[in-house]
Amino acid sequence: MAKLSEQEFKKSLSSGQFSRVYLICGEEKLLVRHYTEKLCEKAAGKKPSDFDFVRLPAETELQEIIDCCEQFPLTAEYKVTVVSDYRFDSMADSDLKRLTAFCEDISPAAILIFTMPTLAEEEKKGGRKSSKLQKITAVIEKCGTVLELAKRGDIALEKQLISWAEKGGCQLSAVNAAKIISYCGSDMTTLKNEIAKLCAYANGETITEEMIRLLVTKNTEVRIFALSDRIAQNDYNGAYQQLYALFEQNEKAEVILSTLSSVFIDMYRAKVAAESGRSYSDAAADLKYGRREFLLKNASARASRYSMGALRQILDVILDTDIKLKSKPSDRQILLETLLAKLMTVDSGN
């Protein structure tokens, strides 16, 4: 057994050859739920008996999980037990050893599925899996199957959006698919909901850029782009209203500053390209922006409001704020309020 890719997992489902133990996890929760349900359907059937198929919540005691798996199926080939969002990191060391031994010697008539349809950061420390989750992952890799579903790249997401639109009876271009992703981010659950909304509105017609602007819910990144526009226009009231709206949404100061920094870095790059006699498309190709070339296109328009000296000064101010944010305890809201004031006092023609 092993850790499988998405394609390898699909093939394993088609073959009808099942592992005794599964761990399905990863950042992309829509896919975690999707493949969990596909596996359950293949292993237990579309309408399984309650005797042969059991779903257990995260707080289930280990002994209950073991007891379920040790019961023989009555009307099916396997007794399938699904445990959602099990908190491995909270297990006692003795229970971890028991679970390890059980997984290595599980009944051939049982299929045990650990799935993580919502649990994410709770099982991670410092961006890495907790030690106990790492241990149980290694165990299941040896005696069963691990499927870890990462976020998909932009091109794969664009194809998925186009496919969902076609299933909804509508047409969607790759350019407009990229626009939706730029508004919403890469979470597939969010994207699927937005496509469903657009298809309902389009009613069998082509999904247009105007529809996307009108209907699609913009994520934090887009709201911070709007904040940068307010700054460029010296719109004090609008800029602070946008900033306070982000605070009300409990957005972290580090995220706001990082995204705002990327906006002005894009402007600087677009400005350098323009003053060097090159287009934003050339710069996007050199800097490997790929399908996100539109970021430099938008930045090119924004950058026209500033001189090169002004953009350098803005980046210096942002860097200084970033250092203060990371180097000493301080009121993050006051730091960002001060940053906005400094940015809007930069002479754009400097």
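## Ground rules

Because the model is predicted, local features need pLDDT of at least 70 and side-chain atom pairs count only at pLDDT 80 or more, while totals for chains, interfaces and linings use all residues. Residues are numbered from 1 along each chain as its sequence is written, and side-chain values use heavy atoms, with hydrogens and water left out.

## The sheet

Let's start with the open sheet: six strands in the order β1-β8-β2-β5-β4-β3, with parallel pairing. Helices (H or I, at least four residues) and strands (E, at least two) are DSSP runs, numbered from the N terminus, and two strands pair if DSSP finds at least two bridges between them. At the edges sit β1 (2-4) and β3, each pairing on one side only. On average, neighbouring strands here are turned by 15° against each other, direction ignored; axes are lines fitted to C-alpha atoms, for helices over the stretch in contact, and angles run from 0 to 180 degrees between N-to-C directions.

What packs on this sheet? Helix α2 (residues 29-44) does, touching β2 (21-25), β3, β4, β5 (110-115) and β8. Its direction makes about 155° with that of β2. Contact means heavy atoms within 4.5 Å.

From β3 the chain crosses through helix α3 (residues 62-70) to β4, a right-handed β-α-β crossover. Right-handed means that, with the strands pointing away from the viewer, the path from the first strand over the helix to the second runs clockwise.

## Two helix pairs

The axes of α3 and α4 (residues 93-104) come within 11 Å and cross at roughly 10°, so these helices are roughly parallel to each other. Their contact has five nonpolar, one polar and three charged residues, with I66 of α3 and F102 of α4 among them.

Now compare α12 (residues 253-275) and α14 (residues 293-303): they pack at about 80°, with their axes 8 Å apart, and are therefore roughly perpendicular. Angles under 35 degrees count as roughly parallel, over 145 as roughly antiparallel, 65 to 115 as roughly perpendicular and the rest as oblique. This contact includes M267 of α12 and L295 of α14, and its residues divide into six nonpolar, one polar and four charged. Ala, Val, Leu, Ile, Met, Phe, Trp, Tyr, Cys and Pro count as nonpolar, Asp, Glu, Lys and Arg as charged, and the others, Gly among them, as polar.
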